[in-house]
Amino acid sequence: MNVAALAKVLLTSEQLAKRVALELEDGWLVNVGIGMPTQCLPFVPADRDVQFHSENGIIGMARPPKDLKHADNDLLSAGKGPVTLLQGGSFVHHADSFAISRGGRLDAAILGAYQVAVNGDLANWRLPKARTGSVGGAMDIAVGAKRTFAMMTHVTKDGESKIVNKVSYPMTAQRSVTKIFTDMAVVAVMPEGLVLEEYVEGLTPADVQAATEPKLIIPKTVKPIRF
Amino acid sequence: MLPEGLTTPVTARIKNKRAASPAEAVADVKDGSVVMVGGFGRGGVPEILIDALCDKGVKGLTIISNNTGTHETGIARFLKQGCVKKMICSFPFATESNVFRDLYNAGKVDLEVVPQGSLAERIRAGGAGLGGFLTPTGVGTELAQGKQILTVNGREYVLELPLRADVAIIRARQVDPRGNLTYRMAGRNFNPVMCTAADKVIVEAIEEVELGSLDPEVIITPGLYVTRYVVAGKYSSRV
């Protein structure tokens, strides 16, 4: 499939955010990382009680203020954008915020990614060519959360698969990703390998496989992405 | 507040911790100090004390803080004035960290990148008198290179060592004459742990309140950690 035709069928970042938000279950505490993951907040179904954790000590992080004149430097997301607090939310200091993560209290974390490997290895903190990078809380959150959802485009700008046999970018956390959400597919990281659960309408499972470096397990239950 | 009959009034004269000015508050900070600076992004950053230290012209500082400043503000002021020898932080290269990026690329400042949770816990360990701690964070990554790996109950952990500082500069919401502190929303961030891990703790608080007026249940940092404070409300930062 050529690039122009592909662009028409791929999920937009908003559609992807909607799909990831549907994965969040009633009663969960969920960390959202910088960038694309923050877009998921408004799309959690209204009847599900999901609380968001932000690494800077916010439990109950919610949408940006409706009127930005209320924006406050002391209430920002990890990506430094203005947010509000869900009723009943609370604040903790940084050491406690990361104890929440490493201590296993996060039901899920949604993180951006450069690469995810077959075994769930995650690379998301620096580009290989850079001398160093900004790790932030990515390593602590990916090792601590019960489930780590990687949210990314399926391929790089050069068309290379971001789902790989072995990460070539610097490692963030070993065997941490449990599910991969891309603009093309939903892929579960299972002990038996990568299982294609959903694919974007307009493509076939075979098209997704063609854009993916490792071999995908394609079960009979595979279905189009709904959001 | 406490139930009736359970508060004992203070009769002795308590030591005055309020500095006359931001300049006086930082007067004894020496060149080459290790300085912890509270804040995350623009939240909870002690901008007035940063200004005062820049005006004093300190040199050769090692700064421990999550970020490296926002545009020209916060830590970026220290950097721009050439006060900083080394940064220890988790997120040095945000879009708004242009001042740090230029200095780092020019080889004019050293950098140690620490995962954010390990940074917070190393500070906590430093304040708690611990020799370090074992964390699963960073196992199998370049940020664990050169660090000891130990296996406990079949899981690998990185040995991370404590961090302490000569001075911590802190942004609080309320302060009372004892130095008891509350914080403002997510402006809390690293501030309370940094208060525990420095020999000298200098605070700028938005508001000063009378002794006994803070509910003991809402005090986050007890005054025992605080060396001195200024009331920020009186001074406008250049931000």
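**A first look at chain B**

Let me start with one residue: R122(B) is buried, at a relative accessible area of 8%. Hello everyone, and please keep in mind throughout that this is a predicted model.

So where does R122(B) sit? Its place is in helix 5 of chain B, the helix that covers residues 116-128. And what is R122(B) in contact with, once we set aside its neighbours within four places in sequence? The list has E112(B), V114(B) and F133(B), and then a run of E160(B), L161(B), P162(B) and L163(B). Please find that spot on the screen if you can.

Now let's zoom out to the chain as a whole. Chain B has 6 helices and 11 strands. Its radius of gyration is 19 Å, close to the 18 Å that the globule rule gives for 239 residues, so chain B is as compact as a globular protein of that length. If you follow the C-alpha trace along its principal axes, it spans about 55 × 50 × 30 Å.

What about the inside of the chain? Of the 239 residues in chain B, 54% are buried. Take the contacts in chain B with a separation of 6 or more: 73% of them are between residues 24 or more positions apart.

As for charge, chain B carries 28 positive and 25 negative side chains, with the centres of the two sets 3 Å apart.

Next, a second residue to look at, G32(B). Is it buried, partly exposed or exposed? G32(B) is partly exposed, with a relative accessible area of 44%. You will find G32(B) in the loop between helix 1 (22-25) and strand 1 (34-37) of chain B. Apart from neighbours within four places in sequence, G32(B) is in contact with K59(B), G60(B) and L61(B). From the C-alpha atom of G32(B) to that of S65(B), 33 residues apart along the chain, the separation is 16 Å.

Finally, chain B has a partner here. Between the two chains, 43 residues of chain B are in contact with 35 residues of chain A. The size of an interface is often given as the accessible area lost when the parts come together. For chain B and chain A, about 3,300 Å² is buried between them, with 58% of it on carbon and sulfur atoms. Which three residues of chain B supply more of its buried area than any other three? They are F40(B), R42(B) and M185(B), which supply 18% of the area that chain B buries against chain A.

Key. Residues numbered from 1 in each chain as written. Chains lettered and ligands numbered in written order. Predicted model: local features only at pLDDT ≥ 70, side-chain atom pairs only at ≥ 80, totals over all residues. Heavy atoms only, no water. Helix = DSSP H or I, 4+ residues; strand = E, 2+ residues; numbered from the N terminus. Rg over C-alpha atoms; globule rule 2.2 N^0.38 Å. Buried < 20%, exposed > 50% of the residue type's maximum accessible area, 1.4 Å probe, protein only. Contact = heavy atoms within 4.5 Å. Lys, Arg positive; Asp, Glu negative; His and termini not counted. Charge placed at Lys NZ, Arg CZ, Asp CG, Glu CD. Buried area = accessible area lost by both parts, 1.4 Å probe.
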